Amino acid sequence: MLNSKLRSAVLAALAVGYLSVHGAAVLAQDTSTQSQDTPAAANSKEIKAAKRLEAVTVTGSLIPQSEIETATPITTITAEDMKIRGFATVADALQQSSFATGGVQGAQFTGGFTPGAQTLSLFGLSPSYVKYLIDGRPMSDFPALYNGSDTFNSISGIPAELVERIDILPGGQSSLYGSDAIAGVINIVLKKKLDRPSIDVRYGFYQRGGGPSRRVTLADSFTIGRFNLLVGLQYEKQDAIWGFDRGITSHYYANGTSAPVAGRDVLVSSATGNGYQFFDPNNCANVSNLFGGSEAKQFRPGSGEYCGSFLSPGYRTLKNNSENAQAYAHGTFDINDHNQLYGDFLYNYDETRFATGSNYTFWSTGVSYGYIYDPRYDDYYTLQRAFAPEDIGQGGYKSIQNKQTTNAWRGTFGGKGSFGESNWDYDVAVTHTEQKLITRDWQRFTDPIEAYFASHVLGEQEGVTDDGYPIFEPNYAALYNPISPADFAAFSGYTTTHAKTWDNMLRGQVTDASLFTLPGGDAGIALVAEGGNQGWSYVPDARLLNGGVWGTTDVQGAGHRNRYAATTELRLPVFSMLTVDVSGRYDKYKVEEQSVDKATYNIGLEFRPFESLLLRGRYGTAFKAPTLSDEFQGASGYFSGVTDYYQCALRGFRGSNISDCPAPYNDTQFFGTQSGNTKLKPITAKVWNYGVVWSPWVRTSFSVDYYHYSIKNEVNTQSADLLSQNEARCRLGELDIGSPLCVEALSQITRDGQGFITDIYTPKVNVSNEIVNAITADAAYLQPLDAYGSLGFRLSYSDILTHKYRPFPGDEMIDLLRDPTQSIGDFKSKVNGSITWNSSSHRWGVTLYGTRYGSSPNYLASTYGFAEDGAGRLKPWILFNTSVQFNPTDDWALSLNVNNVANKMPPPDHSYPGTSGAPYNEFLYDPYGRAYYLEATYKF
């Protein structure tokens with residue numbers, strides 16, 4: 001099959017110099033001419049040597065092989081693809097791939113735990129279900145937790161200019177790569193050799209303002225005798241984009257389901273249905289200078305009057321202010337013709353700054369006391385005061401940005417070669433990875449901020465009502481006054497949190513690509529043994545856990561474990577048309593005196609009825625071991641609400657009329673505590689895919705693949721709602737109060753003296769299930785134009801056919817495609833396509849690259865479901881990038897990239913209310929607009 005039409009078409013298609021679907025990019029050529037047969041007189045040793053040279057190790061198999069297309073579909077993004085498609089980072093390239101249909105938290109979600117990290121979701125599955133490799137070895141986990149709960153990998157901090165290619169393998173891959181490889185595997189391959197020293201300079205800016213970036217990369221490769229070394233350095237600086245830099249995020253939404261509603265910056269609200277109470281005799285005149293002079297008296301229909309600004313949403317960052325540097329080295333030393341020592345080193349320093357804005361920068365009695373009672377008005381109130389840039393002082397929100405600093409490094413040292421003249425090869429190496437994260441967050445400190453508002457507004461507490469609410473007689477007029485920067489500085493400051501992950505691995509592999517001969521060719525085998533340990537530590541500032549920080553808490557935890565694994569892969573060319581690949585792996589994780597183990601397997605079939613057609617399929621199992629945070633996360637707090645079924649039942653509301661249960665029992669606010677669980681089981685999955693690759697003509701290829709995931713035992717925090725139901729049934733005598741179920745429910749729900757739920761403990765448990773079916777398709781064609789060069793086309797498509805999720809046992813399966821309220825939003829489909837022209841002299845190249853993001857649920861559908869009046873789906877979002885490459889000499893390469901050529905904003909979503917300051921799904925869309933990038937490379 002080395003000279004088959006299928007291989008020829010794939011190789012030619014890859015020559016286009018853009019996103020490759022089937023293998024690495026190569027020089028454009030017509031490989032359809034048959035090579036000369038090996039002379040009959042050649043001895044067997046020469047034949048074996050030739051076969052060995054033809055075979056290469058590809059991601060998705062441990063056995064060197066000569067086939068480009070196998071049972072495992074692979075998408076490859078080359079270094080050249082990244083340049084001509086406008087991808088500034090590895091994260092850009094991966095997040096724009098057609099497989100990345102799921103929404104993820106990122107820089108725009110400044111209220112989360114990981115705005116400085118970057119990740120992606122394959123087919124809408126959890127970001128933690130992707131196994132990330134660098135040069136075939138696992139990446140270390142990011143020290144902070146995704147959504148405050150889940151361990152994941154961040155794909156920032158990898159020097160884009162030093163990447164050779166990125167391989168994407170969708171589908172379960174645990175039988176080769178172990179835990180986490182449920183959704184797929186992504187292998188980032190760094191460069192190993194350069195033809196000449198080089199310097200690359202890149203500058204970019206956004207047409208709408210904000211976010212200019214600069215990048216410089218230096219790299220060199222040289223040989224001294226038997227020693228080879230490549231070294232590279234990259235430095236990059238990115239300025240922030242603020243909300244006020246974009247019209248869509250600078251103010252509250254004016255084109256939604258209601259008129260724009262100003263921020264409730266100075267507010268008194270009644271808890272008894274009397275709406276907003278306005279107690280300012282000066283009608284907001286004293287605070288009119290806030291938010292750039294936009295603060296004024298406002299009215300909200302159905303609620304009342306208050307002081308607010310329409311411009312307050314603009315004071316947060318949409319894109320981080322970041323500065324990072326990476327150093328990379330790869331070296332080899334040839335001991336002899338058969339054996340080699342090698343080593344790799346990669347270091348990353350990243351400093352990221354971001355601002356959360358006024359929505360997260362305020363004081364409220366609702367957080368401090370719940371409602372307060374004012375006997376002068378015989379009413380219960382909440383008082384609220386947001387902080388404006390003028391309150392903060394010089395620099396405003398720019399002067400109180402949060403900062404995350406990452407120091408990460410990984411090193412590998414090993415040896416590889418062959419055992420004498422045999423066909424057996426070996427590779428033994430030890431790898432250490434480590435990431436340290438320091439988070440410096442601006443905070444409001446509890447005692448000082450409470451003291452300030454007590455002395456300026458609330459006055460002394462005068463007691464407690466019969467139902468437990470504090471009694472105050474506030475000086476309401478004082479609430480409507482500016483706050484001096486000195487007072488603001490006195491009750492605010494910074495907390496520092498330290499986090500770390502590390503991983504040690506010793507890995508040994510032996511391989512024989514010609515173990516024995518079958519009718520279809522040589523059978524191959526690979527045997528791998530791994531052992532090591534890993535650890536995680538997250539130590540927040542003590543004030544975040546002991547109540548010293550107002551309205552804010554954090555996660556905590558630390559733990560380590562040993563792990564071992566053994567892997568076997570066997571590749572069997574049964575006959576010329578059929579090849580079978582079988583792999584199996586056993587993983588064991590030992591935690592203290594307990595252990596978690598899992599065996600996985602995979603069977604792949606490649607059937608070639610004729611040389612231009614490949615039918616392929618894989619079936620197997622995958623798993624994700626309990627992460628260190630799942631096992632060792634300490635007691636971590638959060639705020640939420642739950643129906644108090646017991647109190648509702650006492651008042652006659654249950655079953656069909658539960659929705660009529662009055663406040664506060666219909667939505668009792670509580671402080672929740674979650675924690676890890678060392679008794680968790682692995683998440684398991686059954687995965688399979690099948691497809692076809694067809695090359696009807698030379699330089700042409702098509703492929704279609706279908707994927708199925710059935711995932712069980714997913715980790716989730718225990719349901720507070722279900723605990724409340726169980727507790728009610730136990731207290732009402734419907735369940736045996738001495739049963740383990742009741743003992744657990746009663747111990748996990750805490751009530752105060754008035755019988756109100758105050759705290760609920762919800763540890764992590766294996767309870768959720770998920771099903772995903774998806775289809776992908778790819779097409780590639782290369783058309784030679786003789787003296788005019790060549791024209792290449794590439795198309796990649798993904799579509800989610802099924803996505804169902806069951807959060808807790810007994811729940812109905814939720815169809816996320818028809819009920820998007822249980823997810824953060826996904827695209828159903830995604831299409832990438834490009835057209836590239838290269839001149840015959842290779843001096844000029846032009847690429848047009850487009851991405852069509854499919855429909856997604858609008859705001860009302862995501863919040864209330866498609867049955868809600870006005871709910872629906874948004875139109876697809878189509879973006880185009882274009883690039884021009886010019887090589888005036890062999891030493892110089894110049895390029896101009898324009899991203900988002902049409903300067904498109906997120907698709908209009910008129911179902912958002914006027915209270916929204918960002919009327920789009922920030923997990924799916926961005927408002928950055930058109931960007932320009934100039935790049936120059938010089939080779940010495």
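A disulfide is taken here as a pair of cysteine sulfur atoms within 2.5 Å. The views below are close-ups of a predicted model.

**View 1. The disulfide of Cys-648 and Cys-661.** The sulfur atoms of Cys-648 and Cys-661 are 2.0 Å apart, forming a disulfide. This disulfide is left-handed, because the torsion about the S-S bond of Cys-648 and Cys-661 is about -90 degrees. Cys-648 belongs to helix α13 and Cys-661 to the loop between α13 and β28, so the pair ties together parts 13 residues apart in sequence. Cys-648 and Cys-661 are buried.

**View 2. The disulfide of Cys-284 and Cys-307.** The whole structure holds three disulfides, and one joins Cys-284 to Cys-307 with an S to S distance of 1.9 Å. The link of Cys-284 and Cys-307 is left-handed, with -95 degrees about the S-S bond. Cys-284 sits in the loop between β10 (266–270) and α6 (290–293), and Cys-307 in strand β12 (residues 304–308), so parts 23 residues apart in sequence are tied together. Cys-284 and Cys-307 are buried.

View 3. At the N-terminal end, Ser-719 caps α14, with a side-chain oxygen 3.4 Å from the backbone nitrogen of Asp-721. Just after α14, Gly-733 has a positive phi of about 85 degrees. Buried residues of α14 include Leu-723, Glu-727 and Cys-730. The elements against which the buried residues of α14 pack include β27 (636–642), α13 (645–650) and α15 (740–748). Cys-730 is joined to Cys-742 by a disulfide (S to S 2.0 Å). Cys-730 lies in helix α14 and Cys-742 in helix α15, so this pair ties together parts 12 residues apart in sequence.

View 4. Ser-798 is buried, its relative accessible area being 0%. Beyond its neighbours within four places in sequence, Ser-798 contacts residues including Phe-99, Phe-123, Thr-776 and Lys-828. A polar atom of the Ser-798 side chain lies 3.2 Å from the backbone oxygen of Ser-98. Ile-775, 23 residues from Ser-798 in sequence, is 5.7 Å away in space, C-alpha to C-alpha.

**View 5. Asp-815 in strand β35 (residues 814–815).** Asp-815 has 19% relative accessibility and counts as buried, because the cut-off is under 20%. A polar atom of the Asp-815 side chain is 3.1 Å from the backbone nitrogen of Leu-817. Not counting residues up to four places away in sequence, Asp-815 touches His-803 and Lys-804.

Technical notes: Residues numbered from 1 in each chain as written. Predicted model: local features only at pLDDT ≥ 70, side-chain atom pairs only at ≥ 80, totals over all residues. Heavy atoms only, no water. Buried < 20%, exposed > 50% of the residue type's maximum accessible area, 1.4 Å probe, protein only. Contact = heavy atoms within 4.5 Å. Polar contact = N/O pair within 3.5 Å; in protein donor to acceptor, adjacent residues only side chain to side chain. Helix = DSSP H or I, 4+ residues; strand = E, 2+ residues; numbered from the N terminus.
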